[in-house]
Amino acid sequence: KLIRPNGVYLITGGLGGIGFVLSKMLAKEGNVHLYLTGRTALPPRDEWASFVQQENADEAQRTRIKKVLELERLGATVEAVQANAGDLKQMKHVFEIIRKKHGGVDGVFHAAGLPGSTSFRAIKDIPSTLAQG
């Protein structure tokens, strides 16, 4: 089995499109610890219930909170940590948080990216000089 029971997994961009699909897959295994990084911090957990009920609450934040709660309903423990995957100092801090609580990480998934970026361009968009090798 590739996913370890009680395993600790870090997913950069874990609440984004691709990252959340991975997060759900891992959470469905149950009893895993997920550390999800993103560039935007969530409000303090004790404010989530009231935040989600506010009519004027930021919709993106509301969605992120609901995603974390969904992952927890699936059986995972979840920590959403503000960190830019492209910032070495911030990512070292994330690993230190995980190391202190769990001793280490069982797997890392890099799913961070900017919406609308050219990270996943169609093959037809690759310049012909590159395609010819």
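Predicted model: local features only at pLDDT ≥ 70, side-chain atom pairs only at ≥ 80, totals over all residues.
Which elements are included in what covers the buried residues of H3? They include helix H1 (17-28), strand S2 (33-38), helix H2 (48-53) and strand S3 (77-82).

## The chain as a whole

The protein chain holds five helices and four strands, and, read from the N terminus on, its elements follow the order β-α-β-α-α-β-α-β-α. Of its 133 residues, 32% count as buried. When contacts with a separation of 6 or more are considered, 66% of them are accounted for by residues 24 or more positions apart.

Helix H3 covers residues 59-73, which gives it 15 residues, and from its first C-alpha to its last it reaches 21 Å, close to the 21 Å expected at 1.5 Å a residue. After H3 comes glycine 75, whose phi is positive and near 115°.

The buried residues in H3 are Gln61, Arg62, Ile65, Lys67, Val68 and Leu71. As background for reading such a list, an α-helix has 3.6 residues a turn, so residues three or four places apart point the same way.

Glutamine 61 is found in helix H3, and because its relative accessible area is 10%, under the 20% cut-off, glutamine 61 counts as buried. Leaving aside its neighbours within four places in sequence, glutamine 61 is in contact with Thr40, Ala41, Leu42, Pro43 and Phe51.

Leucine 71 also lies in helix H3, and with a relative accessible area of 0% leucine 71 is buried. Its contacts, again leaving aside neighbours within four places in sequence, are with Phe20, Ser23, Lys24, Ala27, Leu34, Leu36, Ala76 and Val78. Although leucine 71 and glycine 30 are 41 residues apart along the chain, their C-alpha atoms are separated by 9.4 Å.

## How H1 packs against H3

Helices H1 and H3 pack at an angle of about 20°, and their axes are 9 Å apart. Because this angle is under 35 degrees, H1 counts as roughly parallel to H3. The crossing of the helices H1 and H3 is right-handed.

Where the helices meet, Phe20, Ser23, Lys24 and Ala27 belong to H1, while Lys67, Glu70 and Leu71 belong to H3.

Asparagine 6 is found in the segment before strand S1 (8-12), and its phi is near 65°, a positive value in a residue other than glycine. For comparison, most residues other than glycine have a negative phi. With a relative accessibility of 44%, asparagine 6 counts as partly exposed.

Glycine 86 is found in the loop between S3 and helix H4 (88-102). Its relative accessibility is 73%, and because that value is over 50%, glycine 86 counts as exposed. The C-alpha atoms of glycine 86 and alanine 112 are separated by 9.1 Å, while the two residues are 26 residues apart along the chain.

Technical notes
Residues numbered from 1 in each chain as written. Heavy atoms only, no water. Helix = DSSP H or I, 4+ residues; strand = E, 2+ residues; numbered from the N terminus. Expected span 1.5 Å × (residues − 1). Buried < 20%, exposed > 50% of the residue type's maximum accessible area, 1.4 Å probe, protein only. Contact = heavy atoms within 4.5 Å. Axes fitted to C-alpha atoms, helices over the stretch in contact; angles between N-to-C directions. Parallel < 35°, antiparallel > 145°, perpendicular 65-115°, else oblique. Left-handed = near helix turned anticlockwise from the far one by under 90°.
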